[in-house]
Amino acid sequence: MIDTEKLEMILPTVGKPARYTGGELGEVVKPIDGASVRFAFCFPDVYEVGMSHLGTSILYHLLNGMPGVCAERCFAPWPDMEAALRRAELPLYTLETKTALCGFDIVGFSLGYEMCLTNMLAMLDLGRIPMFAKDRTDADPIVIAGGGCVYNPEPMADFIDLFVVGEGEEVLGELLALYKSRKQANAGRGDFLARAAQIEGIYVPSLYVVAYNQDGTVKSIDAKNGAPFPVRKRIIRDFDAAFFPEEPIVPYLGVIHDRVTVEVMRGCTRGCRFCQAGFIYRPVRERSADTLIRQAKACIQKTGHEEVSLCSLSTGDYSQVARLVCVLSDEFKGTGVSLAVPSLRIDSYEGEYAQKLKEVRNTGLTFAPEAGTQRLRDIINKNLTENEIIEAVREAFEAGTNGVKLYFMMGLPGETMDDVLGIAGLAARIRDVYYRVPKEKRSGGFKLTVSVSCFVPKAHTPFQWARQDDMTVFEDKQRRLKDALRRVSGVKFNWHDARLSMLEAVFARGDRRLSAVLVKAYESGCRFDSWKELFDFDKWLRAFEETGIDPAFYASRERGRDETMPWDMIDTGVSKAYLWKEYERSQAQSTTPDCRKGCTGCGLREAGLCV
Ligand code: SF4
């Protein structure tokens, strides 16, 4: 345990001290000294973000339910707390028992976003764990990582001892059992890592040697000491029976998603070509409506939250969505509990439950057409027509919704300026739809939020070979769209920082050499890079310059079909040949149907992952 007297002295000096105290309703505190495996869950962002992360909540409660396992939480300290910890010479600690990170057996990071990596380094350093895996001894924790970023683990390869590829619920039990047995046998970390590499879904980067060509591309990736190649992801097969915490922690602070979240399904069958989640989390597996209703009711009863969110990549595609929405809205009617259905596709938004949503205090609707023209929607395989968009929005307006949010992307492969300005054209037509709805049915004034992000090509998608637009091109497109949207009254325009998207693109498809850039950026003070107020692009540019690494090599270079990708050791079950075929189909503006209507041969079936 750290010096809690010192901690009590510094907490009143930092902002939002409740971020660092623990003690919430639902927290699990087990006797750490007697535990056979002490596990620290590290979330490389602030408490309010981490406490909204469903994956962390699931694994925290799952692990604490295992005999002999003690799992605790740690979030990235905000810069004022980091400075205070350093001044007081206190290590970073877990909320439950105030134990320093270096005092754990396993320290596990959830890596969901590329721009959290400098926070991960800060947490290791503050937790008194050597930053580089090669510098750790048997006295140090095993550092592991899971989450969406591990599908290209290479930029983190020098810092992480092992990656969990796929669904943690499926792998962690086996991994912890191995750890326990090796600990009892007094085996060293090398022995443990070599054995762990034999568990399906575990990637131990130190067991793989990467060689490069003269032009900087990857020449080869070779597995050592019998480590598998490739490493196949693990999935839960019976999702209805999968563990779900019905007594989640109730955060002290207003967190990002201050509500109960139930997970209706995993995976998505739509095949949008830009969407990494759509490919890495395949195949679709659903929970039954009865299970979800039970879980939602139990969580509301245990926590006192006032909102239930039905979460998945595309909740409108859930086979029992209408029943689920109707039963839950009736259940919570008059109780002050509202229902949120994020990730709703426009074409799945139907009147039947649109009205139900309104009844349970739903405040607005969010859709993601992604592109402003049909041509570009076909290129990205959005499989959505303008007519469907207009009809769905009209229905929403007629159901009394006035606040609609639309999400788009800019810089998609094959995009022209007509496609960019097409977003403004669509916004104008949506405004016209609103004013054609009879006055008595409308509520409030017309409000449309258009949010446009910058396209980031991701590993394991058909666009993994594509280049990203240069920052100046993004900025020009943003300016032109802003001008065009000014002419559509009632529209609010949000856009992403192109500089941040460029960095995201570098790390999303980067290799091991980027660890040098990460360390430099960390040393120069980069933290919370996705937070506008803390993002310092100049520091990043200096980090690239000082390490002699050109970010454009990673972000704005189109790859050749046969190029070895840095992440080729990771096997999602979707074949590279299928992804390439989809890339070619995108260039031909040819769409691929939803595979629920018929298997399109992505490779998962052959891999035994889809039945
Ligand atoms: S194997 Fe077929 S049905 Fe299964 S996810 Fe792939 S395309 Fe869809």
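Mentor: Start with the largest cavity. Its lining has 23 residues. Nearest its centre lie M51, S57, P248, I249 and R259. Keep in mind that this is a predicted model: local features need pLDDT of at least 70, side-chain atom pairs need pLDDT 80 or more, and totals for chains, interfaces and linings use all residues. Residues are numbered from 1 along each chain as its sequence is written, and side-chain values use heavy atoms, without hydrogens and water.

Trainee: Which elements give two or more residues to that lining?

Mentor: They are α3 (54–64) and β10 (260–263). The largest share comes from α3, with five residues. The labels follow DSSP runs, numbered from the N terminus: helices are H or I of at least four residues, strands are E of at least two.

Trainee: Why is a space called a cavity or a pocket?

Mentor: A 1 Å grid is laid over the protein atoms alone. In a cavity a 1.4 Å probe fits but cannot get out; a pocket is open, with protein on both sides within 12 Å along at least five of seven lines. Lining residues have an atom within 4 Å of a point. The structure holds five cavities of 30 Å³ or more.

Trainee: How is the lining of the largest cavity divided by class?

Mentor: Into 11 nonpolar, nine polar and three charged residues. Asp, Glu, Lys and Arg count as charged; Ala, Val, Leu, Ile, Met, Phe, Trp, Tyr, Cys and Pro as nonpolar; the others, Gly among them, as polar. R259 is an Arg, so R259 counts as charged.

Trainee: Which domains supply that lining?

Mentor: Domain 1 (4–232) and domain 2 (237–362) each give at least three residues. Those bounds come from an automatic or database assignment. The C-alpha centres of the two domains are 28 Å apart. Yet 26 residues of domain 1 are in contact (heavy atoms within 4.5 Å) with 23 residues of domain 2.

Trainee: Where does the ligand sit?

Mentor: In the second largest pocket. To qualify, more than half of a molecule's atoms must lie within 2 Å of the grid points. That pocket holds about 420 Å³ of space. Of its 22 lining residues, P283, V284, R605, C610 and V611 are closest to its centre.

Trainee: Which residues surround the ligand?

Mentor: R282, C595, C599, T600, G601, C602, L604, R605 and C610. Each has a heavy atom within 4 Å of the ligand. By class, the shell has five nonpolar, two polar and two charged residues.

Trainee: What is phi for N186?

Mentor: Near 60°, a positive value in a residue other than glycine. N186 lies in the loop between α6 (168–184) and α7 (189–196).

Methods
Points joined across faces, edges and corners; volume = space filled by probe spheres on them.
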